[in-house]
Amino acid sequence: MTIKEIGDILRAELLNTSYEYGFVVNGQKYKPNMENGFDKEYYHLSTTIYCVQNPVTTMKEKIGTCVDAVLVMRWLLNKQNIPSKIWLLYNKQKNKVHTILTFEAENKTVYLELTPQSSKAWYGKEIVYSNEPEFLSEYEKNGYDISDVTDSIVIGQQPEFLLAKLR
């Protein structure tokens with residue numbers, strides 16, 4: 001499959017079906033309220049009661065965090081036998097974390113941001129790197145710690161790999 005064809009599959013699910021940022025616990029949806037800036041209550045809930053959602057639940061409920069979005073992407077890619085990895089970005093200066101996914105296609109490493117309601121200029125667009133080291137270098141030179149967390153994510157548990165950075 002081409003990079004564009006793969007991107008189209010991922011966008012069809014995550015971009016074209018109105019996902020919301022947040023999470024669901026026991027049928028209750030939790031979403032941040034950013035009207036007055038940073039939502040401290042949502043942040044507290046996201047670090048205490050949030051657990052990584054099953055991709056099927058995320059797709060059904062149309063709500064998820066960056067972790068949940070990349071798991072949906074990985075689930076869709078696995079159905080097509082397309083290799084992918086999930087990465088944790090950590091900005092030390094801002095104490096911010098974000099998970100992203102890369103996939104391999106056409107002998108390239110591709111990053112496609114599809115976290116619900118992202119405001120990034122490259123949202124929904126493939127960013128193509130010659131290889132994984134080039135991808136890693138790009139983030140490291142911009143001040144991020146980046147680590148492969150593909151095997152650290154456990155559905156139904158808190159994202160300890162992420163929470164540990166914030167403590």
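Visitor: Hi! Which residues form one aromatic cluster here?
Guide: Trp87, Tyr111, Tyr129, Phe135, Tyr139 and Tyr144 form one aromatic cluster. This is a predicted model, where local features need pLDDT of at least 70 and side-chain atom pairs count only at pLDDT 80 or more, while totals for chains, interfaces and linings use all residues. Residues are numbered from 1 along each chain as its sequence is written, and side-chain values use heavy atoms, leaving out hydrogens and water.

Visitor: How many aromatic pairs are there?
Guide: There are 9 aromatic pairs, counting rings of Phe, Tyr and Trp (its six-membered ring) with centres within 6.5 Å; planes under 30 degrees apart are stacked, over 60 edge-to-face, and the rest tilted.

Visitor: Why is the pair Tyr129 and Phe135 edge-to-face?
Guide: Their ring centres are 5.4 Å apart and their planes stand at 70°, so the pair is edge-to-face.

Visitor: And are Tyr129 and Phe135 buried or exposed?
Guide: Both Tyr129 and Phe135 are buried (under 20% relative accessible area, with exposed over 50% and partly exposed in between, using a 1.4 Å probe and protein chains only).

Visitor: Switching topic, how much space lies in the largest pocket?
Guide: The largest pocket holds about 1200 Å³. Of its 34 lining residues, Tyr21, Cys66, Lys96, Val97 and His98 are the closest to its centre. On a 1 Å grid over the protein atoms alone, a pocket is an open set of points with protein on both sides within 12 Å along at least five of seven lines, a cavity is a set where a 1.4 Å probe fits but cannot get out, and lining residues have an atom within 4 Å of a point. Points are joined across faces, edges and corners, and a volume is the space filled by probe spheres set on them.

Visitor: Which element gives the most to that pocket's lining?
Guide: That is α2, with 4 residues. Elements supplying at least two residues each include α2 (40-48), α4 (66-79) and β6 (96-105); helices (H or I, at least four residues) and strands (E, at least two) are DSSP runs, numbered from the N terminus.

Visitor: What about cavities, how many of 30 Å³ or more?
Guide: The structure holds 1 cavity of 30 Å³ or more, and the largest cavity has a volume of about 40 Å³. Its lining includes Ala69, Met73, Ile100 and Tyr111, and α4, β6 and β7 (108-112) each supply at least two of the lining residues.

Visitor: Last one: where does Asn91 lie?
Guide: Asn91 lies in strand β5. At 9% relative accessibility, Asn91 counts as buried. Beyond its neighbours within four places in sequence, Asn91 is in contact (heavy atoms within 4.5 Å) with Lys96, Gly143 and Tyr144.
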